[in-house]
Amino acid sequence: MATKKLANELGLIRKRSRPSSENNEKKRCGQHFSYLIVIDFESTCWGDKNNYGQEIIEFPAVVLNTGNGKIESEFHTYVQPQEHPVLSKFCTELTGIRQAQVEAGVPLHICLSRFTRWIQMLQEENNIVLVQEKVCSNTGHPCAFVTWSDWDLGVCLQYECKRKQICKPDIFNCWIDLRATYKLFYNRKPKGLNGALQDLGITFSGREHSGLDDARNTAHLAWRMITDGCLMKVTRSLDRVSGFVMGPNAATHPSVPFRHL
């Protein structure tokens, strides 16, 4: 008899308890946000230590409907790095992004302009309202950004815009850190996005460190957490004066960017 089967019959395998479907429905209905927009950037990176600022090279976003768990819209573009335009071998091997793809992409300021127009389209078609920290709108469907850690919006985009003197849209000033939310809700530290999925019995779909695949998998994880009863709340916001992330884990020096895992 297989070891797992024998252990199961002896009651040695602990089964994760799942709330009843009725309780799941109640908790889903109690969500603050009708939609979540999951973002997961890929950036320039190197295998050795250096003081280079990281530049976004892939900008994906997916829209998760928190009422039914479906991904209803996607945004995706490759971005041209300007400071270090040639990708390192390490970066290409890690992300799978080729030099030709970033050269065919657009500069960051154009990417942000296109993303803003995409957001406006969502607002018009789905009556989505992007909220800042607290849900106070009585009209429309409240929506918030979601990232895996604070790196994407609190470090990478923030400091790249500062270096390049790009006017960053205010909509990026607050978000839900799903990694921190996961740790708090399940009371355990996840070993990366894939590790978090594995802990819940979910198989990662696609290629790790592909921005679009990571965003889709993060959305699947968020939906699972919602069905398990997790209430999604904004966890981080940016100080409009200093531009630093507020909170105990804030990164406060633009010359020391770090890669999220």
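Reader: Which residues touch the most other members of the largest nonpolar core?

Author: Keep in mind that this is a predicted model. As a general idea, nonpolar side chains in soluble globular proteins tend to be buried together. Here the largest nonpolar core has 33 residues, and those that touch the most other members are Ile37, Phe59, Phe115, Trp118, Phe145, Leu157 and Phe172. At least two residues of this core come from each of S1, strand S3 (56-65), helix H5 (108-126), strand S5 (128-130), S6 and H6.

Reader: What does Phe115 touch, leaving out residues up to four places away in sequence?

Author: With those left out, Phe115 touches Ile39, Phe59, Ala61, Phe75, Phe145, Ile171 and Phe172. Another core, of 27 residues, lies apart from the largest one, and its members include Val38, Leu178, Leu193 and Leu200.

Reader: Now the strands. Which way do the residues of strand S7 point?

Author: Read the strand residue by residue. In S7 (residues 174-177), Cys174 and Ile176 point one way, Trp175 and Asp177 point the other way, and all are buried.

Reader: Which sense, parallel or antiparallel, does S7 have with strand S6, and which with strand S8?

Author: Look at each partner in turn. Strand S6 (residues 141-147) pairs with S7 in the parallel sense, over two bridges. In that pair, Thr147 stands opposite Asp177. Between the two strands the chain passes through helix H6 (residues 151-164), and this β-α-β crossover is right-handed. On the other hand, S7 and strand S8 (residues 236-237) run antiparallel and are joined by two bridges.

Reader: Where is Ser149, and what is its phi?

Author: Ser149 has a positive phi, near 90 degrees, and is a residue other than glycine. Ser149 sits in the loop between S6 and H6. Ser149 counts as buried because its relative accessibility is 1%, under the 20% cut-off.

Reader: Is Asn187 buried or exposed?

Author: Asn187 is exposed, because its relative accessible area is 69% and the cut-off for exposed is over 50%. The phi of Asn187 is positive too, near 60 degrees. Asn187 is found in the loop between helix H7 (178-186) and helix H8 (192-199).

Reader: Which residues of H8 are buried, and what covers them?

Author: In general, an α-helix has 3.6 residues a turn, so residues three or four places apart point the same way. In H8, the buried residues are Leu193, Asn194, Gly195, Ala196 and Leu197. Among the elements that cover them are H7 and helix H9 (211-227). After H8 comes Gly201, with a positive phi near 75 degrees.

Reader: What does the side chain of Gln31 reach?

Author: Gln31 lies in the loop between helix H2 (21-29) and strand S1 (35-39), and is buried, with a relative accessible area of 11%. The side chain of Gln31 reaches the backbone nitrogen of Met232 at 3.1 Å. A polar atom of that side chain also lies 2.7 Å from the backbone oxygen of Cys230. Not counting residues up to four places away in sequence, Gln31 touches Thr66, Ile226, Cys230, Leu231 and Met232.

Technical notes: Residues numbered from 1 in each chain as written. Predicted model: local features only at pLDDT ≥ 70, side-chain atom pairs only at ≥ 80, totals over all residues. Heavy atoms only, no water. Buried < 20%, exposed > 50% of the residue type's maximum accessible area, 1.4 Å probe, protein only. Helix = DSSP H or I, 4+ residues; strand = E, 2+ residues; numbered from the N terminus. Pairing = 2+ DSSP bridges. Right-handed = clockwise from strand over helix to strand, strands pointing away. Polar contact = N/O pair within 3.5 Å; in protein donor to acceptor, adjacent residues only side chain to side chain. Contact = heavy atoms within 4.5 Å. Core = buried A, V, L, I, M, F, W, Y, C linked by side-chain atoms within 4.5 Å.
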